[in-house]
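Welcome! Take a moment to look over the sequence and turn the model around on your screen. Then we can walk through it together.

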Amino acid sequence: MDLNTIREVSHPQSRAQLPVWTAGDAWLAGGTWLFSEPQVHLTRLIDLTDLKWPALTIGEAGLTIAATCTVAQLDALGCPPEWLAAPLINSCCRAFLASFKIWKTATVGGNLCMSLPAGPMISLTSALDGVCTIWKAGGGEQTVRVADFVTASQRNVLEPGDLLRQIDIPLAALKRRSAFRQISLTPVGRSAALLIGSISSEGSFALTVTASTARPVQFSFAGIPQADELREAILHRIPDTLYHTDIHGKPAWRKHMTLRLADEIRAELQGPARP
Amino acid sequence: MTYQINGTSFSETPHPGQCLRTFLRQLGHFGVKKGCDAGDCGACTVLLDGEPVHSCLIPAFRAEDHAITTIEGFAPAGGTHPMQQAFLDAQAFQCGFCTAGMILTCASLNQGQRQDLGASLKGNICRCTGYRAIEDALQGRNNIEDADAGAAFGRSLPAPAGPQVVRGAARYTFDMAVEGLLHIKMLRSPHPHARIVAIDKTATLQVPGVHMVLTSEDAPDRLFSTARHEKAWMDPDDTRVLDNVVRFIGQKVAAVLADTEAAAEEGCRRLKVEYEILAAVVDPAQAIAPGAPAIHPDKTAAEHRVADAPRNIVAETHGEYGDVASALVQAAVSYEGTFTTQRVQHAALETHGGIAWVDAAGILNVRASTQVPFLTRRALAELFDLPADKVRVFCERVGGGFGGKQEMFVEDILALAALKSGRPVKFELTREEQFISTSTRHPMRVTVRAGADRDGRLTALQLDVLSNTGAYGNHAGPVLFHACGECIGVYNCPNKKVDAVVAYTNTVPAGAFRGYGLPQTIFAVEAAIDELAKQLGLSPFEIRRRNIVKPGDPMLSPPESEYHDVFYGSYGLDQCLDLVERAMQDGGPKTELSAEWLVGDGIALTMIDTVPPAGHIADARISLRDDGGFELVVGTAEFGNGTSTVHRQIAATALATTVNRVRLLQSDTAHGGHDTGAYGSAGTFVAGRATQTAAENLASEFKTFASGIMGAAADSCILENDSVICGKQRLSFAQLAEAARRQGKTLAASGDSAGTPRSVAFNVQGFRVAVHKGTGEIRILKSVHAADAGKVANPMQCRGQVEGGVAQSLGATLYEEMIIDDGGRVINPKFRDYHLPSFADVPRTEVFFADTTDTIGPMGAKSMSESPYNPVAAALGNALADATGIRFTSVPFKPDRLWPLLQEKFGSK
């Protein structure tokens, strides 16, 4: 929709050209959320396009995803065969409530910064042990794990003027065998629980709970836990108050689905790898 | 800046925060529609460098120097893209508002995406079709027939507007550029109940571009109802154009008129309103309890038709036949249950709104998105003290209605603004305004008590209904009365009782919505019938067969109706039950389901009077054109109901011509005559009858006139193949027109219909569902619908109405729900949080028609737009009960609502 209070769009081409952050400013990445709701408090958009950050960089340490990388670009990434976790990328892109037409515009960074519990890029990058690099408003950089970047529903560690630059995914995480489970109140609706589990070649087990909880919650075990052990850990680590409540799922149901999907993941990863 | 749109270069600079959608429309590309303006519905889809995007989410400046393709430029000039042709062949549209976006999206799908249409099309909402026809288009199916002269009725002819719809050329309400337009934006109440003490306009009037602020001081000091009925006494007079008391969050407070929407919005933000907060009540049971704040304390039954204003009761009805209490005591089996239905919205993709101006002749013109142009004209004339011929209300194509446009929500403000400013004005609601300020279905709490004897004969049926009409009483009474009518009238039962009340609350008003109260009560009644059957060991079909009315049986629901004009013009309920029973026995494709899925079947039936009571009037006029074709003028509106197709079929059949020879003019008060409106499924049954009469009158006139020319007896003449034949002589219609012209005679005729007597139509819905006992998920394995629509005028379109009704009702059964918090605020006023059925959510429904011919309806046809909606929730609830043994009594049946009871019964895994 038209954002009629916007008086100016600035187009910086480098970090040095970023304007001094003032009240009424907003970073414009894809714009798919900004333009989807009234934003009467905003007067200036700072367009990140001309910073021309490379969308995806595969290096020795792993994968670097620019905050401005679109969901479609990520979805289309040709992954090396040893990245056993690669199917998670497509699964998480498909977990978007939005249409594929939006994926071409919506960005990975935008999804993180929205910090909705159901943000599938949060699920993906937190499960893959992603680390955010933030350009601090006052200069300098800060790094923070994706799982710690989101602090609550629509809350994160960014302070006014901070800019999410990129997410780095370590190679080790990409090489883990993974399992994905998601449930929604409707067949292709917004995630009410999205869980990702993985095991490393050494046998360690990790589980990331998203969508059902206000922020990502991660579990790790030296090996695949027993069903009761995993269940107890979830019951212990996730208090009832941390389960998200909104029109897309009642908390008691989300809790049960979390326990159920976690057990399914545990069982899947306990079994043989699918060819 | 330079933009390449459909191969043409435009030098134009958008506003900094402007989205591509409005920019394209500003440049005249009206095929780009606004459904939600938030990226959820896909109606604004365009191609950017050949790739589909939602133009409402694209900052306009980013499209600079990219190739933009809108629906208008999708095919080479004058041509038709194969996907456009596919949509025409399959007739994959009803109102057509989503069609441009749907076509552009479908055409861009790759093979992989076509394999998973549920995922690929989740960004394209069609509120009308139920998606089967869209799938047909993608699979290249042809659903169209043709017809010889005089044989159009009963054939699957395509909608006349199809070619314009698929090219984005059909003009909807806002698809019109007007010079010097002022935009209206509305300041809305943030309080559920408050008195407006003062409005300071000073800062607003200083905003550049703002022309005027309208408040209650500018509005006529008259009460009316936004509900439009032929008889004004059906609704209470409780509403003002702008009031100094606001009774729900979202109610109009003041209108700002400005050169741009931006200035008008800024003007609204700068209004300083002083409110005196009043006590509010949002729960209907609390609203009618002693001590509740009165929402319309000054209204009376005598003057305003509010039954009991101090108790917040708008209308009520009570009555009994026989003695229900003792019948229940004596019954062999009995059931009592309380059922609740939620607040759902029509969600027509075109929002309410319009454009108004006073023309050089001093006539107030209102171009509106309405189902009722004539009744709106009447209301405007009364409100503003204008003679009827000084007000014109009209619509071209309307982007969906579903009853939501049987109201006057915006035309009053448009008229006030046009009259006060002397300028053309436009008012287009946002999707959020649609949710918070128009109307919804009436949420109801229905307690049903039912009893039967050992033989499965009903001995008692009792309804206790509490309906919530929100802050205003538009449709409150009629919906309540209808809700308590046919749902029990369809059953023979010696003891029946009804107690029903509709309450005011400080919430967004409820109004007319497809089915008009029946879906809510049928949900309860049909559950009770099933529960009795279960206790008796009877099948759901058998218990219904033993109790349904048959021709000759009185159709009774207490208290006794004052209307005695409903007859069995035809009867196909028995056939509908047989058709569904047979189809349900067919297992269908096998699906692999784990043991955690519980499977069950359920059915429900509905009867509906084919016309609303107390009069529904339609005039039609048809004339012979010089070229031997016809001009047919009707008042009824087209918003996807397909009546413009059917009217031409009726006329062409009566006049032995083909539909392409009949030009239809419709839904414009300037054409004269009257039409109560396109609601209550009256577009075919009532207005179609008027068209039939007009055409038949013209046919007689042809015979008389031709017989004079040919020197034959009029009764020896027949009409055949665009000609009049008298014995061996033949005169083509063109020759007839020529002869008439030479004699200075116009060959034209009129017809009218008063909407009485009325007939009854029937529907039966069957579902087979699987319910996952561990998650509460539901899968619909089979959906079967049988409809008794009399002689079906257009099987393809009628099937589309059935499928669309079932799909819309499935939305309300499974997903849709407007949540209002304790403070009276709608917390989910957007499609993202109000889940409309998308392609993935809607099963294919097998549709069957009973073989009947109605003695009252036009050419044997009956109404069939609303009633397919009515039995859906009930049938699904019955299937759930069959699958799980649990009677779920509240809709929507969302997994998180079903799960607690499933968990309780089946335990946790």
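How many Å apart do the C-alpha centres of domain 1 of chain A and domain 2 of chain A lie? The two centres are 19 Å apart. Keep in mind that this is a predicted model.

**Domains of chain A**

| Domain of chain A | Residues |
|---|---|
| domain 1 | 8–50 |
| domain 2 | 51–171 |
| domain 3 | 179–270 |

Where domain 1 of chain A meets domain 2 of chain A, 13 residues of domain 1 and 17 residues of domain 2 take part in the contact. On the domain 1 side that touches domain 2, six residues are nonpolar, five are polar and two are charged.

**The overall build of chain A**

If you count secondary structure in chain A, you will find nine helices and 14 strands. Its radius of gyration is 19 Å, close to the 19 Å that the globule rule gives for 275 residues, so chain A is as compact as a globular protein of that length. Of the 275 residues in chain A, 51% are buried. Now think about which parts of the chain meet: among contacts in chain A with a separation of 6 or more, 64% join residues 24 or more positions apart.

**Where chain A meets chain B**

The contact between the two chains draws 38 residues from chain A and 45 residues from chain B. On the side of chain A that touches chain B, the elements giving two or more residues are β1 (8–10), α3 and α9 (251–270) of chain A. Which of the elements gives the most to this side? That is α9(A), with five residues. By type, the residues on this side of chain A divide into 18 nonpolar, 11 polar and nine charged.

**A helix tucked inside**

Finally, turn to helix α3 of chain B, residues 99–107. Eight of its nine residues are buried, so α3(B) is largely enclosed by the rest of the structure. The buried residues of α3(B) are T99(B), A100(B), G101(B), M102(B), I103(B), L104(B), T105(B) and C106(B). What covers them? From chain A, the cover includes α3 (100–103). From chain B, it includes β3 (45–48), β4 (51–54), α2 (82–90), α6 (132–138) and α7 (162–166).

Notes
Residues are numbered from 1 along each chain as its sequence is written. Chains are lettered from A and ligands numbered from 1 in the order in which they are written. This is a predicted model: local features need pLDDT of at least 70, side-chain atom pairs count only at pLDDT 80 or more; totals for chains, interfaces and linings use all residues. Domain bounds come from an automatic or database domain assignment. Two residues are in contact if their C-beta atoms, placed from the backbone, lie within 7 Å. Ala, Val, Leu, Ile, Met, Phe, Trp, Tyr, Cys and Pro count as nonpolar, Asp, Glu, Lys and Arg as charged, and the others, Gly among them, as polar. Helices (H or I, at least four residues) and strands (E, at least two) are DSSP runs, numbered from the N terminus. The radius of gyration is taken over C-alpha atoms; the globule rule is 2.2 Å times the number of residues to the power 0.38. A residue is buried if 20 or more other C-beta atoms lie within 10 Å of its own, exposed if 12 or fewer, and partly exposed in between; C-beta atoms are placed from the backbone.
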